[in-house]
Amino acid sequence: MLKKADLQLSFPEVIRKKRDQEVLTAEEIHYFVQGVKEKTISDSQIGAVLMAIRLMGMNEDETLSLTREMMSSGKVLQWPEEWQGTMVDKHSTGGVGDKVSLPLAPALAACGCKVPMISGRGLGHTGGTLDKLESIPGFTINLNPEEVLAEVGCCIVGQSASLVPVDRILYAIRDVTGTVDSNALIAASILAKKGAESLSALVLDVKHGAAAIYTDLKKARLFAHTLVSTG
């Protein structure tokens, strides 16, 4: 556990390093994620780090460290031995009108797969899967994946206090600080959720076009490379 006094002394140095395009160590990234989780750093400091990452980027090692720290900020789901090899999921970068996850999860479950989908909300102008589901009166995204999968074979849930909690915090701050369109932050967010699901297989759907986060094919391919190299 981090001490607040220590964070106050050294966290501005983490901000300065990334602002000046220096590489953050795995220890510094752990320091940042734990500070977010334990609420020992302020929203303004979190926003400063996110903006520095958005402007200066992260290399593959930094992105991987951020992904691992975000994933392990909560519990990593564990499944019965007999389910091994059947745990699958799909994640899309989304866009206006993208609703593939809604029919795909039950379709895969009907084929004998288990689909523990930890999904996200919309970022920027895109609508997220959770936003679509919560438009249904009475629908809740706060479910226990283990219980739901045992009963129906699939679930679509959100980040919570126990499942990738740091991603939930950073997700909300990114949406109001102009730091949505960062390859490193998007990749870490996606792969932290998928890593916490303990999957056998994962399909990543990177969209491009006027209604997507990535408006052209070149940018979409660059991000796809980031996902593959990090995952």
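The structure holds zero disulfides. This is a predicted model. Cys154 takes part in no disulfide, and the nearest cysteine sulfur, that of Cys155, lies 7.1 Å away. The structure also holds three aromatic pairs, among them the pair of Phe11 and Phe32 and the pair of Tyr214 and Phe223.

**Cysteines**

- Seen from Cys155, the closest cysteine sulfur is in Cys154, and the 7.1 Å between the two sulfurs is too far for a bond.

**Aromatic pair Phe11 and Phe32**

- Phe11 and Phe32 form a stacked pair, with ring centres 6.1 Å apart and 20° between the planes.
- This pair links distant parts of the chain, as Phe11 and Phe32 are 21 residues apart.
- Phe11 sits in helix α1, which covers residues 4-19, while Phe32 sits in helix α2, which covers residues 26-38.
- Phe11 and Phe32 are both buried.

**Aromatic pair Tyr214 and Phe223**

- Tyr214 and Phe223 also form a stacked aromatic pair, at 5.1 Å centre to centre.
- The angle between the ring planes of Tyr214 and Phe223 is 20°.
- Tyr214 and Phe223 are both buried.

Key: Residues numbered from 1 in each chain as written. Predicted model: local features only at pLDDT ≥ 70, side-chain atom pairs only at ≥ 80, totals over all residues. Heavy atoms only, no water. Phe/Tyr/Trp six-rings, centres within 6.5 Å; stacked < 30°, edge-to-face > 60°. Helix = DSSP H or I, 4+ residues; strand = E, 2+ residues; numbered from the N terminus. Buried < 20%, exposed > 50% of the residue type's maximum accessible area, 1.4 Å probe, protein only. Disulfide = S-S within 2.5 Å.
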